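Subject: Structure handover

Dear colleague,

Here is the structure I said I would pass on. My notes follow it.

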Amino acid sequence: MSKFSNQIRASSSLIKRLKQRMTNPAALMQATRHFTTLEGHRPTIVHKRSLDILHDPWFNKGTAFSMTERDRLDLRGLLPPNVMTSEQQIQRFMADLKRLEVQARDGPSDPYALAKWRILNRLHDRNETMYYQVLIDNIEEYAPIVYTPTVGLVCQNYSGLFRRPRGMYFSGEDRGEMMSMVYNWPAEQVDMIVVTDGSRILGLGDLGVQGIGIAIGKLDLYVAAAGINPQRVLPVMIDVGTNNEKLLKDPLYLGLQEHRLDGDEYIAVIDEFMEAVFTRWPHVIVQFEDFQSKWAFKLLQRYRNTYRMFNDDVQGTAGVAIAGLLGAVRAQGRPMIDFPKQKIVVAGAGSAGIGVLNAARKTMARMLGNNEAAFESAGRQFWVVDAKGLITEERENIDLEALPFARKVNEASRQGLREGASLAEVVRVVKPDVLLGLSAVGGLFSKEVLEALKGSTSTRPAIFAMSNPTKNAECTPEDAFSIVGDNILFASGSPFQDVDLGNGHIGHCNQGNNMYLFPGIGLGTLLSGSRIISDGMLQAAAECLAAYMAEEEVLNGIIYPSTSRIRDITKEVAAAVVKEAIKEDLAEGYREMDARELQKLSQEEIVEYVKNNMWSPDYPTLVYKKD
C-alpha cells in the first residue's frame with residue numbers, strides 16, 4: 001500500500017474517532033481521565049464511583065478513603081470500617097513484603113530480586129500513589145529492583161511476567177494508523193515519554209517487545225526522583241520485529257515474530273510515531289532508550305533540532321561519565337580545569353562509548369579555549385579499544401562516529417602501538433589516568449589489564465566499569481582494589497558493595513548511574529519550556545552533578561552521591577538545566593511562569609520553582625462529579 005493511501009486511511013480513521021466523540025459527549029467523559037493541573041494538593045474531580053474507583057490504581061486509596069469520601073463515592077461497606085493513614089498502609093505493606101519475598105519466588109531458580117519486583121508490581125497495579133511513596137521512601141533498596149540490574153531480568157522474562165498492559169505498543173503493522181492510535185491513551189496531557197525498540201536492552205541484546213520493561217522502569221524513576229506526575233508519563237514500545245531467533249521460535253512471545261525492519265522502512269515507522277505523539281502532545285519530552293548503536297546516533301541527529309527529545313544511552317551516559325571524570329580530577333587534589341591533561345583509555349565504541357567520547361572531548365575543548373586547536377588537542381587524550389583492539393586510522397570500514405577518535409598511525413607507532421593492539425597492551429604503554437569501560441563485556445578488565453594499570457602515572461588512577469547489568473560490569477571492585485591497589489577510584493554502572501580494605505579503610509564503590517541525570521534533564525526541560533535539549537543544557541547537568549559532592553567526600557574517593565539523596569540531586573540538576581535554557585534563550589516558560597518571569601528568577605528562586613513543581617505521592621481529596 002502506498003504512503004499516500006496509508007495517510008488517507010489514517011486521516012479517515014482519526015476523523016471517525018473525533019466525530020464519535022463530538023456526537024457522544026458522555027462517551028468522551030468516560031474515555032477521558034481528569035487530572036489535577038498543579039503539583040499541589042487541590043481536590044481531584046472524578047467521574048466514577050464504587051468499585052470503579054477501587055479498581056483504578058490512579059485514584060484508589062484502599063483503606064485510606066475517609067468516611068466522607070466513602071459516603072460521597074458509594075464506597076461505604078466496600079472496605080473494612082477502620083480508616084487507615086498512608087503511613088499505616090505502608091507499614092502493613094512492608095511487613096507483608098518481607099514475609100512474601102520468599103513465597104513469591106517461582107522455585108529456587110527465581111531470584112529474590114525478581115520476587116520483590118513481582119510484589120511491587122502488584123502494588124503498582126492497584127494503588128499507584130502508595131507504590132511511589134514506598135519507592136521514594138526506600139529508593140536505595142528498590143531502585144535496583146525497578147531499574148538496573150533487576151529490570152534486565154524482568155525484560156528477559158517479560159512475556160511470562162505480563163499481567164496487565166502498561167504503556168502503549170506501536171508496531172510495524174500499525175503504519176498509517178499511529179496518528180489515530182495516540183488518542184487511545186486516556187491522558188489529555190503527557191509530559192514524558194520513554195520509548196524503546198527493544199533492540200539493545202542494557203547489555204542483553206535484542207529482547208524485542210519485552211524491552212517495554214526498561215521504559216516502565218525509567219519512568220518509575222522520573223516519578224520517584226524528578227516528581228513527574230505519574231498520570232502524565234507514557235512508556236512506549238515500538239515493535240519492528242526481532243532478530244532474536246529464540247524469541248522468533250517462542251510460541252509464548254508477545255511481539256511480532258518476524259525479523260526487524262531496516263533502512264527506510266524502519267525510519268518511516270519512527271517518523272510516524274514522532275509526528276503522532278507531538279501532534280497530540282506538542283510539549284511532550286521523548287527520551288529514546290536502548291536503541292542499537294546503528295540507529296541511536298542517526299535518530300538523535302534526525303530529531304534533536306526539531307523535537308524535545310534526547311537519547312539517554314548517548315547523552316545521559318555521557319553526562320554521568322563526565323561528572324565522574326571531573327570528580328576523579330578533584331579526587332587527585334587538582335582543580336577540574338586540569339581535566340584536559342587526563343589520559344583516558346576507553347573500552348567500547350558503541351553508542352554509549354562514542355557518546356562519552358564526544359562529550360568528554362567537548363568538555364576538554366571548552367576548557368582549552370573552544371577552538372579548532374582545542375578540539376584537536378583534546379582528541380589526543382583518548383585511546384579507544386573495541387572488540388578488534390585499538391582503533392587507528394588504519395582500521396578498515398571504520399565507523400564514522402568513531403573516526404574522530406582513531407589514533408594516527410605514525411603517532412601510535414612512536415608509542416609502540418599498532419592497529420588492533422590489545423587492551424592490556426594499550427594500558428601498559430599509555431599508563432592512563434582513567435580506564436573507562438563501556439563495552440558490555442563482563443570481566444573485560446582482566447587480571448592482566450588491571451596489572452598493567454598499576455603502571456599508571458596518576459597518583460590516583462580511576463577505573464570506571466560502567467556496563468550494565470551487573471554481570472556485564474568490566475570488573476568487580478574487589479578485583480580492582482586487590483590488584484591495582486587501595487589508592488584507586490572505582491565506579492560502576494550497577495550497584496556493588498563497598499570493599500573492606502582492612503585497618504578501618506573502605507574502598508568506596510561509586511555507582512555512576514544515569515538516574516543521577518536523566519530525571520533532572522527531563523524535569524528541567526519541562527519546567528523551562530525549552531524548545532529543544534541543547535548540548536549546553538546537558539553540559540550544565542553534568543557539571544552540576546560533578547560539583548554536588550563536598551570536597552572532603554571527593555578526597556575520600558566518593559565521587560557520586562548516595563541514591564538516597566536522589567530527589568535533592570534531581571532538583572539541583574533540573575535547576576541547572578533551567579538556568580542554562582534561560583541563558584541560551586531557549587526557555588519559553590511553563591504554565592503560569594512565562595519566559596519573561598523565568599528570566600527574573602535568581603538561582604535560589606529557580607531551585608524553589610523546581611521544588612514546588614515536583615509531584616509528591618500524597619492522596620488528594622476525591623470529589624465526584626456526575627457526567
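The protein chain splits into domain 1 (164-307), domain 2 (342-512) and domain 3 (516-613), with bounds that come from an automatic or database domain assignment. This is a predicted model, in which local features need pLDDT of at least 70 and side-chain atom pairs count only at pLDDT 80 or more, while totals for chains, interfaces and linings use all residues. Residues are numbered from 1 along each chain as its sequence is written, and side-chain values use heavy atoms, with hydrogens and water left out.

Domains 1 and 3

The C-alpha centres of domain 1 and domain 3 are 26 Å apart. Their contact (heavy atoms within 4.5 Å) involves 18 residues from domain 1 and 18 residues from domain 3. About 1,300 Å² is buried between domain 1 and domain 3, and carbon and sulfur atoms give 58% of that area. Buried area here is the accessible area, with a 1.4 Å probe, that two parts lose on being put together, summed over both. Ala225, Ile285 and Arg304 account for 37% of what domain 1 buries against domain 3, more than any other three residues.

One salt bridge is counted between domain 1 and domain 3; the term requires a side-chain nitrogen of Lys or Arg within 4 Å of a carboxyl oxygen of Asp or Glu. The side chains of Arg304 and Asp535 form a salt bridge at 2.9 Å, N to O. Four residue pairs are in polar contact across the interface of domain 1 and domain 3, both residues at pLDDT 80 or more. A polar contact is a pair of N or O atoms within 3.5 Å; within protein, one must be able to donate a hydrogen and the other to accept it, and residues adjacent in sequence count only if both atoms are side-chain atoms.

On the side of domain 1 that touches domain 3, the elements giving two or more residues are helix H12 (212-226) and strand E5 (285-288). Helices (H or I, at least four residues) and strands (E, at least two) are DSSP runs, numbered from the N terminus. H12 gives the largest share of that side, seven residues. By class, the side has ten nonpolar, four polar and four charged residues. In this scheme Ala, Val, Leu, Ile, Met, Phe, Trp, Tyr, Cys and Pro count as nonpolar, Asp, Glu, Lys and Arg as charged, and the others, Gly among them, as polar.

UniProt annotations

The unreviewed UniProt entry places "domain: Malic enzyme N-terminal" at residues 124-304. That span is 47% helix and 11% strand, and its end C-alpha atoms lie 33 Å apart. UniProt (unreviewed entry) also has "domain: Malic enzyme NAD-binding" at residues 314-582, a span of 45% helix and 12% strand with end C-alpha atoms 24 Å apart. UniProt positions are given in the numbering used here, feature names are shortened, and annotations may be inferred rather than shown by experiment.

Under "binding site", the unreviewed entry lists Arg200, Asn468 and Asn513. Asn513 is in the loop between strand E15 (509-511) and helix H23 (518-528). Asn468 sits in the loop between strand E11 (462-465) and helix H22 (477-484). Apart from neighbours within four places in sequence, Asn468 contacts Thr148, Leu202, Gly203, Gly493 and Ser494.

Backbone and salt bridges

Most residues other than glycine have a negative phi, and most peptide bonds are trans. The peptide bond from Asn468 to Pro469 is cis, with omega near -10°. Thr148 and Pro149 are also joined by a cis peptide bond, with omega about 10°; Pro149 is in the loop between helix H8 (139-146) and helix H9 (150-156). Ser50, not a glycine, has a positive phi of about 60° and lies in the loop between strand E1 (44-46) and helix H3 (51-54).

The salt bridge count comes to 36. Arg232 and Asp191 form a salt bridge, with the closest N and O atoms 2.8 Å apart.

Regards
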